[in-house]
Each structure stands twice: as C-alpha cells, then as structure tokens.
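Dear colleague,

Please find the structure below. My notes on it follow.

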Amino acid sequence: MVESIVVDDVTKSFTIRYHRTLKQMSVAALRRQELSNSFNALDGVSFTIQQGESVGLMGLNGSGKSTLLKIINGVMKPDSGSVLTRGRIAGLIATGAGFHPQLSGRENVYLNAAILGMSEAETRRKFDDIVEFSELGKHLDGQVGHYSSGQSARLGFAIAIHVDSDIFLADEVLAVGDRPFKRKCMQRMQEIRESGRTLVYVSHAAASVRKMCDRVIVLESGRVGFDGDVDDGIRYVKYDDGDDTTDDELGADV
Ligand SMILES: Nc1ncnc2c1ncn2[C@@H]1O[C@H](COP(=O)(O)OP(=O)(O)O)[C@@H](O)[C@H]1O
Ligand SMILES: [Mg+2]
C-alpha cells in the first residue's frame, strides 16, 4: 500500500480578538477585560490515508474540518506537527477561493486553473467540458462577484474535477448546490473514487458518506474522536436519525 496523506500530531491555534478598534481596546484594557483568547482549532491530530482510500470527514460545525483540509491542501501551515501528501492535490476547499470577483467566469476559469497547476493549453483543451459541467450558460461572461454562492460553487467544482490529481478534497461542496447539480457532483466524485484517487469528503449527509466512503474520521473540538468503519462513524456522530432527509434521499439514489 502507498501512503497518500500522512497527518502527524498536527496542532493549529487561532486567536479570537474581542475588540477591534484602538479605542475599544484601550477601554477594555482599563476595565481589565480580556483582549483576545487563543484556542486550538486542531489539537494533536494524527492519521494516515492510503492511496485510493475514500474518507468521510465528519464532525459538528467548528470542529476543525475545514482547517484540517486547508492544512492538507497546503494553503495553511500547522503550528506544530507535519503533513505529508503524495502527488497533486485538487478539490474545492472554500467556495470562491481562487476566484477574482471582478473578472468574468470565463477569465476565472483560466485564473483558477492556473492556480491549480493546469497549463494554459490543458485548460483550453478542457474549457468546453468545464463550462458545460458548470451549466452557467450566458452568465459565464458575467462578473464572478455577482454570482450566487451556488453558481460560484458550480464553477469551482467544474474546474476542480478537471484537474488531474492524485488527491481530491471536497469541503461541503454539495451544501450550496441544487439537487440536480448535487447528483452530478456525486457522480463525478464516485468516478474519482473508482479511478483509484484518494478522496477526502467533508459532509454532514450520512447517506452520501455511506455511499461514497470506506472510512470515516470524526473530529471533535479539534481532536480525532473516531477513526474507522463508516457505519460506526456515522453512529458515532449520531447523524443517522433522518434529519438530513434530502441528502439521505440524494445519497440513496446516486
Ligand atoms: N482564520 C481563523 N481565525 C480565527 N478562528 C478561526 C479561523 N478559521 C477557523 N477558525 C475557528 O476554528 C474553529 C474550527 O473551524 P473550522 O475548521 O472552519 O470548522 P468546521 O469546518 O469543522 O466547521 C472554529 O471555532 C472557527 O471559528
Ligand atoms: Mg467547514
């Protein structure tokens, strides 16, 4: 087996500042109120993912999933610990990341693809496919800054799936899309999985995780609370009580 992602004892802390202006800070200091507070968004996180594994990353809001994905992707550095990844990484880790709001969708395809490491020739070759997948139609020549979050996610996902990568990271990408688009994305991620690439999929939707993943890692306040079998993981996060019916239906029929 070949190791694809090795996360070793990763810790990341953030500082919350309670007062923004100098005046507010001075007043707070005089009153001996706390000016800031730092906390661990990730705390001693370790796991190894093999090439071709498909892992569902679950956990409550604020448990550190997006932070972990950003560190794996390399856009953020851990305070301590290390992350090793093998091969090219693609995916969607934040809606609108890598887009310039004043440029058109068309221009942003080239910009974003370049950021993701695609050459201009490669982008030109895949351009029509990307545009077709995004279903943006005439909005392709409109400013990305005016896109809805759903449109922006479509374009981001359309580009990401056209990057030849060894690792694909997807952070709640399906949360903002409409139903037909979600189904299409799930199909593509299923293809990515079948092609033997490594997939890390953040989702609250139990059925789609069950459908797509062969392992679940659960984060709890920045720590690995569970790492193992999909059904046990879903039971661990207690998401399996049917309150995400739409996604459950979705997961069941793709
Ligand atoms: N840049 C940042 N500055 C300060 N706090 C942050 C920053 N990014 C994330 N956080 C905090 O870190 C915690 C984990 O966030 P996140 O990784 O986005 O969680 P999740 O994706 O699981 O919902 C949250 O409490 C969030 O508010
Ligand atoms: Mg998140």
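**Helix crossing, ligand shell and domains**

The crossing of α4 and α5 is right-handed; a crossing is called right-handed if the near helix is turned clockwise from the far one by less than a right angle, and left-handed if anticlockwise. This is a predicted model, in which local features need pLDDT of at least 70, side-chain atom pairs count only at pLDDT 80 or more, and totals for chains, interfaces and linings use all residues. Residues are numbered from 1 along each chain as its sequence is written, while chains are lettered from A and ligands numbered from 1 in the order in which they are written.

Helices (DSSP runs of H or I, at least four residues) and strands (E, at least two) are numbered from the N terminus. The axes of α4 (residues 120-134) and α5 (residues 149-160) come within 8 Å and cross at roughly 145 degrees; axes are lines fitted to C-alpha atoms, for helices over the stretch in contact, and angles run from 0 to 180 degrees between N-to-C directions. Ile130, Phe133 and Ser134 in α4 meet Arg154, Leu155, Ala158 and Ile159 in α5, where contact requires C-beta atoms, placed from the backbone, within 7 Å.

Around ligand 1 lies a shell of residues that includes Phe14, Ala41 and Lys65, each with its C-beta atom, placed from the backbone, within 6 Å. Helix α2 (residues 65-73) gives the most to this shell, with three residues.

The domain assignment, automatic or from a database, gives domain 1 (1-84 + 168-254) and domain 2 (88-165). Their centres, taken over C-alpha atoms, are separated by 23 Å, and 15 residues of domain 1 are in contact with 14 residues of domain 2.

With kind regards

Key:
Two residues are in contact if their C-beta atoms, placed from the backbone, lie within 7 Å.
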